[in-house]
Amino acid sequence: MPSTTATNDANVRGTWHTGEASVQTRLLGSPLQFPNPTVQGLPPRYLGRLAAASLLALGAVDSNGHPWATVWAHGGGGGFVRLVAPNVLDLHFEDVDRAADPVVQMLTQTAGSGPFLLAGLAIDLQSLDRVKIAGRLLAATLPGAIEVPMDESGDSVVPRTDVGEVRMAMAVLESLGNCPKYVNKKLIRSHRPTPTVISSSLPLRPEAVQLIGRADAFFMSSTNNRSMDTNHRGGPPGFMRVVSNNEQKGVVLVYPEYSGNRLYQSLGNLSVNPRVGIVIPDFKTSAVLYLTGEAELLVGPAAAAVLHHAQLAVRVTVSAARFVADGLNFYGDDGEPSPYNPPVRRLLSELPQGDSAPVERDAALATATLVASEVITPTIRRFTFKLQRTSEGAPALQAWKPGQHVTLDFGKHLDVGWSHMRDNDPKSLNDDFIRTFTVSSPPPAAGAAVEDGTEIQITARRNGPATGLLWRSGPRTDLQLPILGFGGTDSMQMSSRSALGSGESDSVAARPSGPGPLCVFIAGGVGITPLLAQVPGLLLNGTEFALLWSLRADDTPMALDAFARLPGLARCTLLFVTGTPADAAAAAREGELQWYRDALEAGARVEVRRMARGDVLGDSETTKGGGVSSHPRRYFLCAGPAMSRVVMEWLDGKEVASESFEY
């Protein structure tokens, strides 16, 4: 254990310690000019909040200087704390794993050897309240504890467990209340575990990796060698990503640091001492993953080079781990996720092969000026932009490929700067306002550069602040957006080498006359956009393809618009129209609705129902009349998450190129 006692004179005086000031300067330009809000001791206002908490995450440092963290509950409703003297707490927990929990092991090994650092976070996952405490351990006891033999790897050699009480006395030297951002609500239920150590070695077992992939919270402990900090990190499930997990590259994890209170207490500790302890609970199964290692702060381009759209991240190189099945004394039932959670920031290595991150926003090579806005439906519009290099000396943009996207920066128009809380628009706190839109217009000649004045079109549904700005703007507003690049892989392109005949058949699913698979594009709503820019070339080359397009009745004008602009598309299309009342559906089938007659007249086939598995696989009555049920197919899918999940289940084992359209 560190020989220093648990004091932090900087915080007691209301100033910032060296690490906090360093990180604040690095990220904000200078240390914060207001006093450190961490208070000395434990004010009465915090005691009631501690008593009401459902969980206590606790961190300590082992004899080798490595922090570890754990998390315990007592009875599912708080009640684990009692004030026994000024700033001294009696902490009492039941049904704790006393054999495999690394923090319990440290308590028993060092409780009698003098004061050592301790930090906790009391958190209530219903009210979202949390209070941090830090100080030193005065005493610890494990009533009725038994000895559990361990082998050299740390795994139990006999199937015995030691589950029971843990009591400790803690001198609280400093405390601080925290905000509820990124805390996902859960109902905590007490549980008597039967712990089993699955592994205490690296790399991580598959079960541990799976836990990381679905976790929406973890707790981390850090130290500046004078005091400790234990805090919560939360987000959408999977917000922590596994960079590597093998013997060659080691176990490396990374997570994004979201917009917070800018005190940077955890990061400040890590800048002084990079060692960190992490505990990841599985609220559904009561499994738990304990980790210790070293953390590295990634800022700006360094963060974006690892996590897509991240501006601040922490990379953790794990040096030791312990995965325990049924190791926690609680379960947690999911409640409401935090409204502040941003989308998952995925690793750049998880992006489709060949895709890449856009250039830095300060390095934009061109500007897109809005010159036209056309209403297709009440919620869908087509926007035309004219491209211009940022300067005469700037290199020309390379033309996009059919099916690729353009990345536009809306930050200048939408970013209102930092604020601690923003309940009226919580997701904006972590929004970089960089958006990608599939280009729905065909590119210039293959391989050509984009000349000044070239126009591109995007077709989008109103959804969020960026498209909201487009809806409010028009040619007279002189809306200009920096272009950060064109991107996307070739995977969504129907190559002309798959040309399958003259395209003279009347059937949407006609058997191709040449070799190779039939290309089937499955679209949900505006998920048609990756195909739109490809259609002229596909028809020109005689590429045979089938389009299965699911649309709500309100969006049928989009299909009619596409059929009118792209002659030949309709005869390749089987349209599935949903969201119609029963009487309207019957009227459509009788040809009484204008959109239905217009779609048929254009050459499309129309079904007023949901798309089904047989439609996709070619074995339904609707499609097998075309004679393709046994012919190989190559699938392309662009739809919203719900439709994509269902269709991917239907296509299990098939060749599928897919993009998720987050509408």
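Predicted model: local features only at pLDDT ≥ 70, side-chain atom pairs only at ≥ 80, totals over all residues.
Is Y264 buried or exposed? Its relative accessible area is 17%, and since buried means under 20%, Y264 counts as buried.

## How α6 meets α2

The axes of α6 and α2 (residues 18-28) come within 7 Å of each other, crossing at roughly 105 degrees. Angles of 65 to 115 degrees count as roughly perpendicular, so that is the label for α2 against α6.

Which residues make the contact? On the α2 side they are G19, E20 and V23; α6 brings in Q265, L267, G268, S271 and V272. Sorted by type, the contact has three nonpolar residues, four polar ones and one charged.

## N225, another positive phi

N225 is also a non-glycine residue with a positive phi, this one near 80 degrees. Look for N225 in the loop between β11 (217-223) and β12 (228-234).

How accessible is N225? With a relative accessible area of 38%, N225 is partly exposed, because that class covers values between the 20% and 50% cut-offs.

## A cis bond at P203

One more backbone feature: the peptide bond joining L202 and P203 is cis, with omega at about 0 degrees. P203 itself belongs to the loop between β10 (196-199) and α5 (206-214).

Conventions
Residues numbered from 1 in each chain as written. Heavy atoms only, no water. Helix = DSSP H or I, 4+ residues; strand = E, 2+ residues; numbered from the N terminus. Buried < 20%, exposed > 50% of the residue type's maximum accessible area, 1.4 Å probe, protein only. Axes fitted to C-alpha atoms, helices over the stretch in contact; angles between N-to-C directions. Parallel < 35°, antiparallel > 145°, perpendicular 65-115°, else oblique. Contact = heavy atoms within 4.5 Å. Nonpolar A, V, L, I, M, F, W, Y, C, P; charged D, E, K, R; others polar.
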